[in-house]
Amino acid sequence: MTVNMRAGLKRDRVRDFLLDYVADKKPGEAIPSERDLCKELGVSRPTLRAAIDDLVRSGVLVREHGRGTFTGPQRVTQALAATPSGSFYAPPAEGKWLSAILEFGSSPAGPQLTSRLQLAPATPVLRVVRLRVVDDEPMAIERLHLPHELVPGLVPADMETGSFYKVLRERFGVDVRSAVQTIEATVTDETEAELLNVPEHFPALLVERTTRDVNGRIVEFTRSIYRGDRYRVTSELYFDAESG
């Protein structure tokens, strides 16, 4: 085993210890001093600092000059519960969600959205970009696309509060029932970083979702960027004899 590999394993062990330590702590609580942690874990100060740096970059810890290191702000959790049929139930995410509408307009679907929404290229598509804010803190940038004919009379104010899917169901008779969603790691670009109040190239989650109504018709394609330090997705899974 090489020296670098051994150092990496030590850093991972320290990182796991710190993750367990902060799991039940409130935001803003101080962690033990570097001297105490090095003594308890039997590692060098550079190894400890490397692990802490990892957690500071991911938002789990916050380092304040002259004061010490503290637990980061609470993360907003979106729970996904798997059902025995293999689908997922998505209850509302934690917190009070509001939206600031950044773009709201219609244009032809074009080549990319023709495929995403299964529409003719000239079909008008409503594009909405909104900044999602949770408990007064920017959390996500959401870019929605849906056939304009589904939502005649929709205005920006309709999408600033409450559930958009509830608006679709109650005002336009569009009963959203299923979606295919992907989540992958990414980083913010300059514009996204400014809107989310984070540094450029900050860790983020890219979420893409294609949504269908009760009849199987595609009614929405959404691409969103969520702050990697404040948002997390948890899943409840079921296993059978064939599960890996």
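**Strands and helices, and how we name their arrangement**

Reader: What makes β9 and β10 paired strands in this predicted model?

Author: Nine bridges join β9 (residues 203-213) to β10 (residues 218-227), and the two run antiparallel. Pairing takes at least two bridges, so these strands count as a pair. As for who faces whom, Leu-205 stands opposite Tyr-226 in β10.

Reader: What is the order of the strands in the open sheet?

Author: Six strands form it, in the order β5-β6-β7-β10-β9-β8, with antiparallel pairing. At the edges you'll find β5 (97-108) and β8 (176-187); each has a single partner strand, so one side of each is left without a neighbour in the sheet. On average, neighbouring strands are turned by 15° against each other, direction ignored.

Reader: Which helices lie across β6, β7, β9 and β10?

Author: Helix α4 (residues 110-117) lies across β5, β6, β7, β9 and β10, running at about 110° to β10. Helix α5 (residues 164-172) lies across β6, β7, β8, β9 and β10, and runs at about 35° to β7.

Reader: Why are α2 and α3 called roughly perpendicular?

Author: Helix α2 (residues 34-41) and helix α3 (residues 45-57) pack at an angle of about 110°, their axes 10 Å apart. The roughly perpendicular range is 65 to 115 degrees, so the label applies to this pair.

Reader: What makes up the contact of α2 with α3?

Author: From α2, Glu-34, Arg-35, Leu-37 and Cys-38 meet Arg-45, Leu-48 and Arg-49 in α3. Sorted by class, that's three nonpolar, no polar and four charged residues.

Notes
Residues numbered from 1 in each chain as written. Predicted model: local features only at pLDDT ≥ 70, side-chain atom pairs only at ≥ 80, totals over all residues. Heavy atoms only, no water. Helix = DSSP H or I, 4+ residues; strand = E, 2+ residues; numbered from the N terminus. Axes fitted to C-alpha atoms, helices over the stretch in contact; angles between N-to-C directions. Contact = heavy atoms within 4.5 Å. Parallel < 35°, antiparallel > 145°, perpendicular 65-115°, else oblique. Nonpolar A, V, L, I, M, F, W, Y, C, P; charged D, E, K, R; others polar.
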